[in-house]
Amino acid sequence: MKIVTICGAGIGSSGILKVNAERVLRRLDIEADVVAADIGSIAQVAADAQVILTSAEFVDAIGKTFADVIVVENYFDTDELTSKLEAALGD
Amino acid sequence: MALPPLTADAIELRADAADWRAAVAVAGRVLSRIGAATDAYGAEMVRMIDEHGPYVVIAPGLALAHARPGPEVRADGLAIVTLATPVSFGHPHNDPVSVVLGLAIATADEHLAAVAELANVFNDSSAIVDLAAATTAAEVLEIMRAS
């Protein structure tokens, strides 16, 4: 499975989301590649992604996608990430 | 690549900032002071927010200001700024902001170790509140040492 984290620069915030998503996925025992990217490269990077993690500001720019787009409010709250990833991947 | 060790020079406490632009500018000045970025980097960080919105407010009370790796970055570096009066960035959930981190990253490929350190500190939800309340650089260094 591929998960993409998106922010404006492709560093910083998307990096923190990647690090914390990997921590949560390990705890949930889910295998996934998590890739941090900037919104400008969304088309290439997310073409084969199942899940996109990002902030509300980028939802419109992400546009049409087959991936589940998950909006994260607190990037440091691993409980929030856990419940949102479980809800998206749990079926 | 991990961030260089945090020093008192990289910390600015109870800074006066009238709005989010001024708050991000303070973080830019600190990054310039510690040699991590040129004077132009602060304006780049502001431009990212103008362009993409207040997404840098990634947790309640905390903004992670940053721009892309580029000519304004001299070396990886982190600035920690707390505000005398919290400011609004216009974020739907996480305003007002009382702690602004300024992050300069020289090479995108190598920045994950640096942000992993930040996650180690801030995944503890008390870290932001403790930083906002800190009155000395020594207290800040102690909070950040949690990584």
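Helices (H or I, at least four residues) and strands (E, at least two) are DSSP runs, numbered from the N terminus. This is a predicted model: local features need pLDDT of at least 70, side-chain atom pairs count only at pLDDT 80 or more, and totals for chains, interfaces and linings use all residues. Residues are numbered from 1 along each chain as its sequence is written, while chains are lettered from A and ligands numbered from 1 in the order in which they are written.

**View 1. Chain B from end to end.** Chain B has 5 helices and 4 strands. Along the principal axes, the C-alpha atoms of chain B fill a box of roughly 35 × 30 × 25 Å. For 147 residues, a compact globule would have a radius of gyration near 15 Å, and the 14 Å of chain B agrees with that. (That radius is taken over C-alpha atoms, and the globule rule is 2.2 Å times the number of residues to the power 0.38.)

**View 2. The open sheet of chain B.** Here 4 strands of chain B line up in the order S1-S3-S4-S2, with mixed pairing. Two strands pair if DSSP finds at least two bridges between them. At the edges sit S1 (11–15) and S2 of chain B, each pairing on one side only. From one strand to the next, the twist averages 15°. (Angles run from 0 to 180 degrees between N-to-C directions, and axes are lines fitted to C-alpha atoms, for helices over the stretch in contact.)

**View 3. Zooming in on the strand pairs.** S1(B) runs parallel to S3(B) (residues 77–87), and 3 bridges join them. Look for B:Ile11, which stands opposite B:Ile80 of S3(B), and for B:Ala15, whose bridge partner in S3(B) is B:Leu83. S3(B) and S4(B) run antiparallel and are joined by 7 bridges. In that pair, B:Val87 faces B:Val97 of S4(B).

View 4. Helix H4 (residues 126–133) of chain B lies across S2, S3 and S4 (97–104) of chain B, at about 100° to S4(B). In the loop between S3 and S4 of chain B you'll find B:Pro96. A cis peptide bond links B:Asp95 to B:Pro96, with omega at about -10°.

**View 5. Where chain B touches chain A.** At this interface, 29 residues of chain B are in contact with 22 residues of chain A. (In contact here says that the C-beta atoms of two residues, placed from the backbone, lie within 7 Å.) On the chain B side, the elements that give two or more residues are H2 (41–52), S2 (62–66) and H3 (112–122). H3(B) gives the largest share, 6 residues. Sorted by class, the chain B side has 20 nonpolar, 7 polar and 2 charged residues. (Ala, Val, Leu, Ile, Met, Phe, Trp, Tyr, Cys and Pro count as nonpolar; Asp, Glu, Lys and Arg as charged; the others, Gly among them, as polar.)

**View 6. Two helices meeting between the chains.** H1(A) (residues 13–28) packs against H3(B) at an angle of about 70°, with the axes 9 Å apart. That angle makes H1(A) roughly perpendicular to H3(B). (Angles under 35 degrees count as roughly parallel, over 145 as roughly antiparallel, 65 to 115 as roughly perpendicular and the rest as oblique.) H1(A) passes H3(B) in a right-handed crossing. (A crossing is right-handed if the near helix is turned clockwise from the far one by less than a right angle, and left-handed if anticlockwise.) The contact is made by A:Gly15, A:Ile16, A:Lys18, A:Val19 and A:Asn20 of H1(A) with B:Leu112, B:Val115, B:Ala116, B:Leu118 and B:Ala119 of H3(B). Those residues divide into 7 nonpolar, 2 polar and 1 charged.

View 7. The axes of H1(A) and H4(A) (residues 78–89) come within 10 Å and cross at roughly 60°. These two helices are therefore oblique to each other. H1(A) passes H4(A) in a right-handed crossing. Residues making the contact include A:Val24 and A:Leu28 of H1(A), and A:Leu81 and A:Leu85 of H4(A). By class, the contact has 6 nonpolar, 3 polar and 2 charged residues.

View 8. A:Asp29 lies in the loop between H1 and S2 (33–38) of chain A. Although A:Asp29 is not a glycine, its phi is positive, at about 60°.
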